[in-house]
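Hi everyone, thanks for coming. Let me put the structure up, and then I'll walk you through a few parts of it.

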Amino acid sequence: MTKTPFDSAKLYSNNLVSDTEKDTLFTKQFRANMPLAFTNGEVDYKMNWYIGPTDYETLKSYDRNINKIISLGWGIFGWINMFIFIPLFGFLSSYISYGIAIIVFTIIIKIAMSPITYKSFLSQAKMKVLRPEINELNDKFGKDPMKKQQETMKLYNKAGVNPMAGCIPALIQIPFMYASFQFFPSAFELRQKSFLWADDLSSFDQVVKLPFHIPLYGDHISLFPILAAIAIFFYMKMTSGDQQMAAPQQEGMPDMGKIMKIMIYVSPVMMLIFFNTYGAGLSLYNFISNLITIGIMFVIKNYIVDPEKIHAQIQENKLKEPKKKSGFQQKLQKIMEEAEAQKAQQKKK
């Protein structure tokens with residue numbers, strides 16, 4: 001570290017392993033080339049070495065910006081890690097073991113996100129109730145896609161249903177999911193901390209050593225990714241039916257039902273492949289996260305959301321004066337009307 005910044009720097013890393021059967025696997029040679037500049041006729045670089053853990057709070061305490069070497073993600077992903085994940089996990093791990101801290105940490109995050117999960121599921125339930133009427137419009141205006149779209153928008157407006165309401169909550173959850181992919185691999189405090197069968201939460205939790213190497217998968221079997229894959233399979237199995245019922249099939253668009261059926265099996269396989277060599281901490285987080293999501297969805301589906309009440313509320317909304325359309329809806333309707341007018345004019349010609 002130096003208070004006088006370098007104008008340029010080149011770093012080199014050479015792998016010295018020529019035969020992995022004989023040589024140490026991660027023996028490397030490092031070189032650095034940093035030209036020093038003249039300032040007022042002299043070279044003045046007061047430098048310090050930092051040799052220690054890449055722990056975020058430790059590096060930050062020096063107030064030299066060296067905490068930025070830890071990859072926490074850019075933009076909102078980094079903010080979530082800096083202001084939510086790191087302080088919360090640091091607080092929990094100071095009182096309980098790291099494995100238990102990950103579980104409690106996951107529970108807190110999922111409970112905090114549960115209102116968003118509820119909003120998303122409620123929107124799916126409303127769309128599911130409207131599905132028969134949307135199918136009628138598809139049958140009635142099947143040969144006129146523009147008219148069908150206009151009537152569908154009118155139905156949504158009368159019923160007080162926003163088809164985008166289910167997408168927005170899902171989008172809000174994506175930054176937290178991506179932030180976790182940056183947080184756990186960079187959490188130095190997990191190194192050499194054991195939990196259950198995992199000897200090191202910062203490395204994969206190998207339970208079986210394979211006598212051969214499988215491309216993309218590796219030469220071992222990790223247990224937490226298997227548990228996470230099973231959990232995500234049951235979660236997608238649980239929600240795929242509702243999503244298929246909620247999403248009306250649009251002409252010219254791919255069949256979402258078939259896509260969801262494929263994803264039910266593809267997602268767990270991807271989880272198995274990519275997480276097999278990831279740290280056990282991240283796999284444990286995903287396993288617990290999926291379990292909690294299944295529990296929340298089960299409670300919402302069976303004890304909170306009542307399809308009959310939703311249907312009655314939608315029918316009641318239809319009898320009321322339609323809500324005033326938003327600016328986006330008005331622009332969309334205007335575009336559709338103009339397209340319909342052009343289509344009618346072309347037919348006359």
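First, a term: pLDDT is the predictor's confidence in each residue, on a scale from 0 to 100. We need that because this is a predicted model, where local features need pLDDT of at least 70 and side-chain atom pairs count only at pLDDT 80 or more, while totals for chains, interfaces and linings use all residues. Residues are numbered from 1 along each chain as its sequence is written, and side-chain values use heavy atoms, with hydrogens and water left out.

So, how does the confidence look? The protein averages a pLDDT of 77, and 74% of the residues score at least 70. Confidence is highest in helix H2, at 89, and lowest in helix H10 (residues 327-348), at a mean of 62. Over residues 243-254 the pLDDT is below 50, though in the model this stretch has 29 contacts beyond near neighbours in sequence; a contact means heavy atoms within 4.5 Å. Where pLDDT is low, the predicted coordinates should not be read in detail. As for the names, helices (H or I, at least four residues) and strands (E, at least two) are DSSP runs, numbered from the N terminus.

Let's look at H2. Phe 85 in this helix carries a kink of about 35°, shortly before the proline Pro 87. The bend at a residue is the angle between axes fitted to the seven residues ending there and the seven starting there. Among the buried residues of H2 are Phe 77, Ile 80, Phe 85 and Phe 89. Buried means under 20% relative accessible area, exposed over 50%, and partly exposed in between, using a 1.4 Å probe and protein chains only.

Now the strands. S3 (residues 206-214) and S4 (residues 218-222) run antiparallel, joined by 4 bridges; strands pair if DSSP finds at least two bridges between them. They form a hairpin with 3 residues between them, and Leu 216 in the turn has a positive phi of about 75°. Ile 214 has Gly 218 in S4 as its bridge partner.

Which residues does Ser 222 touch, beyond its neighbours within four places in sequence? Phe 204, Asp 205, Gln 206, Tyr 217 and Asn 276. Ser 222 lies in S4, and it counts as buried because its relative accessible area is 0%. The backbone oxygen of Asn 276 lies 2.8 Å from a polar atom of the Ser 222 side chain.

Finally, Leu 227 lies in helix H6 (residues 223-246). Leu 227 is partly exposed, at 23% relative accessibility. Thanks, all!

Conventions
A polar contact is a pair of N or O atoms within 3.5 Å; within protein, one must be able to donate a hydrogen and the other to accept it, and residues adjacent in sequence count only if both atoms are side-chain atoms.
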